[in-house]
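Let's walk through this model together, moving from a helix to the cores and then to the charged pairs. Keep the 3D view open as you read.

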Amino acid sequence: MKIKISIARKILGTAALIIAAAFTLFSLYNDSQQRASIKKDLDNYIQEMGASTASGIQDWLSGKILRIEGLAEDLAESPEKSSISEKIKRRTLQSNFLYTYVGDRNGNFDQEPWEEMPSGYDPRIRPWYVSATQAGQTILTEPYLDSNIGKLVITIATPLLQKNGQLWG
């Protein structure tokens, strides 16, 4: 038994398939365009947030670097042991840094807040001391795990120069 389909129904069925295919293709095209647009917007947002965050960190670090360089200038004016201890105990330093410390060319080491260092501790062989003295300017260390507190830290180190330009710490 054959079912006869009229030409009108064939045309209607074909038109319905064409419309369904067109709608499907349009939906896929629209979806791909939306995905591309969302990805572009997200990439731009991430770039802007990254730049903003980097700028904020740079400003934050710049302030800390200036405090350390100011301390170095103060210490260069009066490098006596009593003066060093007094200057590194300043509240502005204590509130901005976990530790403030000075190592001199004779191997002496002052730190605030004070913690007992291992026997034979020599600041002159520490990476922060060596890097700052070799660079002849303020340096930032790579992040490292601090053995005292067990957290990731960086050190800002600057060479301490006497008025005649000679290194003393």
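**Along the helix and into the core**

R35 and D31 sit four residues apart in helix α1, so about one helical turn separates them. Their side chains meet in a salt bridge, with N to O at 2.9 Å; the term means a side-chain nitrogen of Lys or Arg within 4 Å of a carboxyl oxygen of Asp or Glu. R35 is exposed at 59% relative accessible area, whereas D31 is partly exposed at 34%. Here buried means under 20% relative accessible area, exposed over 50%, and partly exposed in between, with a 1.4 Å probe and protein chains only.

A word on the ground rules: this is a predicted model, in which local features need pLDDT of at least 70 and side-chain atom pairs count only at pLDDT 80 or more, while totals for chains, interfaces and linings use all residues. Residues are numbered from 1 along each chain as its sequence is written, and side-chain values use heavy atoms, leaving out hydrogens and water.

Now follow α1 itself, which covers residues 7–77; helices (H or I, at least four residues) and strands (E, at least two) are DSSP runs numbered from the N terminus. At 1.5 Å a residue, its 71 residues should span 105 Å, and the end C-alpha atoms are 104 Å apart, which agrees. That expected span is 1.5 Å times one less than the number of residues.

Which residues of α1 are buried? They are L61, K64, I65, I68, L71, A72, L75 and A76. These buried residues pack against α2 (81–88), α3 (91–94), β1 (100–103), β3 (139–140) and β6 (156–157).

The largest nonpolar core has 14 residues, and L75, V102, I156, L160 and W168 have the most contacts inside it. Such a core is a set of buried Ala, Val, Leu, Ile, Met, Phe, Trp, Tyr and Cys residues joined through side-chain atoms within 4.5 Å. Its largest share, six residues, comes from α1. Leaving aside neighbours within four places in sequence, L160 is in contact (heavy atoms within 4.5 Å) with A72, L75, V102, Q166, L167, W168 and G169. A second, separate core of seven residues includes F109, M117, W128 and A157.

Back to the charges: the model has four salt bridges in total. In one of them, R90 pairs with D74, the closest N and O atoms being 2.8 Å apart. Because R90 lies in the loop between α2 and α3 and D74 in helix α1, the pair ties together parts 16 residues apart in sequence.
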